[in-house]
Amino acid sequence: MELSFSPPSSLGISALNTHRNTSSHQPKIPIKPTSKSFDLFFKSSKPFPSSTEIYSLKRSSKLAPNRHYRRNPIWACSQAGAAGSDPILNKISDFKDACWRFLRPHTIRGTALGSTALVARALIENTNLIKWSLVLKAFSGLFALICGNGYIVGINQIYDIGIDKVNKPYLPIAAGDLSVQSAWLLVIFFAVAGVLIVGLNFGPFITSLYCLGLFLGTIYSVPPLRFKRFPVIAFLIIATVRGFLLNFGVYHATRAALGLPFEWSSPVAFITTFVTLFALVIAITKDLPDVEGDRKYNISTLATKLGVRNIAFLGSGLLLVNYVGAVLAAIYMPQDFSRSLMIPAHTILALSLVFQMWVLEQANYTKEAISGFYRFIWNLFYAEYIIFPFI
């Protein structure tokens, strides 16, 4: 799915800045630097203070009123406390940050929004069957989906370390913030926890769908199959897992929890088709920011073969087909969809996509612009799930 490193300023720098920023009528005096702060002074100051500046500092310390002596020692103590913070707490904080980045937050948002939207739709269609006892079951299902998401993106990072050092150096394994051993422990935990939760709560059919998703995520990244090398198969895997399996599985599980047999409704069929095509677009455009690393490691993608510009237009064209289909569905099936929401919402999303393509073209497809375009695609994905329960 997303992430401080600025060390506390030295006392010497504070003293120098105090002198430079104070008028001759009201000079402020620095506290006397300790040996540690004196070392930081010479390491951090650029350029080094001249002899005249040092003389001025000494002279200003004699002229400063006594009231400043009360403030500087307190400031110095707070700085010393920050510099000497507990290393164990720092390590825990760093590990939590690395784990969060390891989960790829933008993918978690998509999973969480998607599952919530499907559950909400099933409940809206059967409001008379809503029970508070199902809340815990719903949250356990959401946690299982996040575990499955974490396993798939995690196993991909373990086998893509070299590529990620070029394409995504901010990811925790590539950045050296998370060891490979820790990453393996995390993905094993995600897989085991997810399967156990689904198996104990949602029955054999949903468990088999969940395991199928984990299997597809594995063969996508892990040698010797490593189907991410083959663009068409890779696209189909991503579209199946994030599009069909997520939507169908969550809706099926929700109806089963309500005591109902599975049956398609027009809105659910629409969102499943829409999101499956959308997931295909995400699969195509996800390689746009990674062209440099993919070429270096001989990873064949449509972006490396056809070029960034062509793939951006292809992905945008497929999304526009999606939006046109949504508008037509609202026009020709008014009994199943809310025209007042479907038509204006998807028209606005389509126009925003066209504008984003224009921005990308004006930026001449720089790496920053391409990354921004890819993030925008994900935002459109989130937006669809937000409006879905109400269509």
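Serine 221 is where I would like to begin, and it is buried, with a relative accessible area of 0%, where buried means under 20% relative accessible area, exposed means over 50% and partly exposed lies in between, all with a 1.4 Å probe and protein chains only. This is a predicted model, in which local features need pLDDT of at least 70 and side-chain atom pairs count only at pLDDT 80 or more, while totals for chains, interfaces and linings use all residues. Residues are numbered from 1 along each chain as its sequence is written, and side-chain values use heavy atoms, with hydrogens and water left out.

Serine 221 sits in helix α11, which covers residues 203-221; helices here are DSSP runs of H or I with at least four residues, strands are runs of E with at least two, and both are numbered from the N terminus. If we set aside the neighbours within four places in sequence, serine 221 is in contact with Ile155, Asn156, Tyr159 and Arg226, contact meaning heavy atoms within 4.5 Å.

Arginine 226 pairs with aspartate 160, and their closest N and O atoms are 2.6 Å apart. Aspartate 160 is in the loop between α7 (134-158) and α8 (161-167), whereas arginine 226 is in the loop between α11 and α12, so this pair ties together parts that are 66 residues apart in sequence. Aspartate 160 is buried at a relative accessible area of 2%, and arginine 226 is buried as well, at 11%.

Which residue forms a salt bridge with lysine 168? The partner is aspartate 290, again with the closest N and O atoms 2.6 Å apart. Because aspartate 290 belongs to the loop between α13 (266-285) and α14 (291-296) and lysine 168 to the loop between α8 and α9, the pair ties together parts that are 122 residues apart in sequence. The relative accessible area is 7% for aspartate 290, which is buried, and 15% for lysine 168, which also counts as buried.

A further bridge joins the side chains of arginine 101 and aspartate 177, at 2.9 Å from N to O. This pair links distant parts of the chain, with arginine 101 in helix α5 and aspartate 177 in the loop between α9 (172-175) and α10, 76 residues apart. Here arginine 101 is buried, at 6% relative accessible area, but aspartate 177 is partly exposed, at 41%.

Let me turn to some backbone details. Where is the cis peptide bond that involves proline 224? It runs from proline 223 to proline 224, with omega near 5 degrees, and proline 224 lies in the loop between α11 and α12 (231-257). Arginine 104 has a positive phi, near 55 degrees, although it is a residue other than glycine; arginine 104 is in the loop between α5 (87-102) and α6 (105-125) and is buried, at 13%. Tyrosine 365, likewise not a glycine, has a positive phi of about 60 degrees; tyrosine 365 is in the loop between α17 (339-362) and α18 and counts as buried, at 15% relative accessibility.

Helix α18 itself has 21 residues, 367-387, and at 1.5 Å a residue it should span 30 Å, which agrees with the 31 Å between its end C-alpha atoms; the expected span is 1.5 Å times one less than the number of residues. Helix α18 is mostly covered, with 15 of its 21 residues buried.

As for the record, an unreviewed UniProt entry lists several stretches as "transmembrane region", among them 178-199, 230-252 and 343-360; the positions follow the numbering used here, feature names are shortened, and annotations may be inferred rather than shown by experiment. In the model, residues 230-252 are 96% helix and 0% strand, with end C-alpha atoms 31 Å apart, and residues 343-360 are 100% helix and 0% strand, with ends 26 Å apart.

Finally, the surface: Tyr159, Val180, Trp184, Ile188, Val192, Leu196 and Leu200 form a nonpolar patch, with about 650 Å² of accessible area together. Patches are made of residues with over 30% relative accessible area and no salt bridge, like charges being joined within 9 Å and nonpolar side chains (Val, Leu, Ile, Met, Phe, Trp, Tyr) within 5 Å, and the areas come from the Shrake-Rupley method with a 1.4 Å probe, where for residues only the protein chains shown count as cover. Valine 180 is in helix α10, residues 180-201, and counts as partly exposed at 31% relative accessibility.

Definitions and conventions. Salt bridge = Lys/Arg side-chain N within 4 Å of Asp/Glu carboxyl O.
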